Amino acid sequence: MKGDYTDNPHNITEISSYVTMKKEIIVAEIIGSQKCYFYDACSFRRHANLDNVHAEYLLRYIKNQRGVVVITRCILMELASYSGLLKQEYIEYIKRISDFGIKVLIIYEEDLFSVMEVCFSTNKAINNYLCWAVRIIKGPVSTITATLEKDKNVYNEVVKGEKIDNSGVYRRFFEAVRENKEAGDDLGEEVLAVCLHILSHIPGEEDGKFCVITDDKGAASKIDAMFKKTVNHYRGKTVGIFSTPKLVQVLYRENILRDSDHLKEILGEGAEGNIAVLGMLVYDIRGREISMKRDELADLIMQPNGISIFF
């Protein structure tokens, strides 16, 4: 694996009592939970640096939604990059989530096959969702594309649809892309997009059950574009995309967070200079990028019709 990445951090035992890694339990939780919040690495790092008081606002919202937190192996690799170790603040944040009564699922992406197996009767149907997602997400420059070019067997299975009835297609694809992860690539976000695209096709679920928490505009755009590029016949349920500013506005509107100073503290964590959001001010007729100081954004969030944040 390139760049000293590992999908099993050397100190993973330090979080083992706070997380669920058993496949059978993960499958049941994903199917049975009202909401599943998939963390991107950038937002996880940002929220892990919040103190207990401010982190509790975020966790209260997730718990109120009867949600679980999901960390995929690609994201775990990014959190333990270079040293192969999870930083102490990441371990403490995972413990904090667990102590708050929210389940934390650490999932190998290939185990989504078992989730889909609950809902679909044939390997062909399950594998097709992966194939569609990969065909849409792969771009001219990406770790997924590089993996497909390097491994013709995986290319033939996932892009050409060969061995579509084989139960090992998910495992071979996700193991291959994790093996090719490099420093600074977008693999974590790309794989999140693929996972969400697959899960959005679970029948009977409501729009917005599956959500991603990310402050990476590129990742959010990639996920959004992926769903928009999917033809209606193959498009699943809507996936929720939350940036930290959008989460803060939700917390305020849900009466979970009303204190101005606390609101500003969460907005400012991990942000330098002006904060840029995608949204609308009261007299706008369409969404646009809006950039302003933290205190100005906080004031607008607290006004009845001050701002509507999309991301």
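This passage describes the fold of a predicted model, then its core and selected local sites.

The protein chain contains 15 helices and eight strands. With 311 residues, a compact globule would have a radius of gyration near 19 Å, and the protein chain agrees at 19 Å. Along the principal axes, the C-alpha atoms fill a box of roughly 55 × 45 × 35 Å. Buried residues account for 54% of the 311 residues. Among contacts between residues at least 6 apart in sequence, 78% join residues at least 24 apart. The accessible surface of the chain comes to about 13,800 Å². Carbon and sulfur atoms contribute 46% of that surface.

Nonpolar side chains tend to be buried together in soluble globular proteins. In this model, the largest nonpolar core has 106 residues. Leu130, Tyr170 and Phe173 touch the most other members of that core. Helix α11 supplies the largest share of the core, nine residues. Beyond its neighbours within four places in sequence, Phe173 contacts Leu130, Val134, Ile144, Leu148, Val154 and Val158.

Helix α7 covers residues 123–137. At 1.5 Å a residue, its 15 residues should span 21 Å. The end C-alpha atoms are 21 Å apart, in agreement with that expectation. The helix is largely enclosed by the rest of the structure, because 11 of its 15 residues are buried.

Asp185 sits in the loop between α10 and α11. Its relative accessible area is 17%, so Asp185 counts as buried under the 20% cut-off. The side chain of Asp185 makes a polar contact with the side chain of Thr143, at 2.7 Å. A polar atom of the Asp185 side chain also lies 3.3 Å from the backbone nitrogen of Leu187. With neighbours within four places in sequence set aside, Asp185 is in contact with Thr143 and Asn180.

Met292 belongs to strand β7, residues 288–292. This residue is buried, with a relative accessible area of 10%. Met292 and Asn274 are 18 residues apart along the chain, yet their C-alpha atoms are separated by 4.9 Å. Apart from neighbours within four places in sequence, Met292 contacts Asn274, Ile275, Leu297 and Leu300.

Two loop residues have positive phi values without being glycine. Lys163 has a phi of about 55°. This lysine lies in the loop between α9 and α10. Asn255 has a phi near 60°. Its place is the loop between α13 (244–253) and α14 (260–268). Lys163 counts as exposed, at 55% relative accessibility. Asn255 likewise counts as exposed, at 55%.

Key:
Residues numbered from 1 in each chain as written. Predicted model: local features only at pLDDT ≥ 70, side-chain atom pairs only at ≥ 80, totals over all residues. Heavy atoms only, no water. Helix = DSSP H or I, 4+ residues; strand = E, 2+ residues; numbered from the N terminus. Expected span 1.5 Å × (residues − 1). Buried < 20%, exposed > 50% of the residue type's maximum accessible area, 1.4 Å probe, protein only. Contact = heavy atoms within 4.5 Å. Polar contact = N/O pair within 3.5 Å; in protein donor to acceptor, adjacent residues only side chain to side chain. Core = buried A, V, L, I, M, F, W, Y, C linked by side-chain atoms within 4.5 Å. Rg over C-alpha atoms; globule rule 2.2 N^0.38 Å. Areas by Shrake-Rupley, 256 points an atom, 1.4 Å probe, with all protein chains shown as cover.
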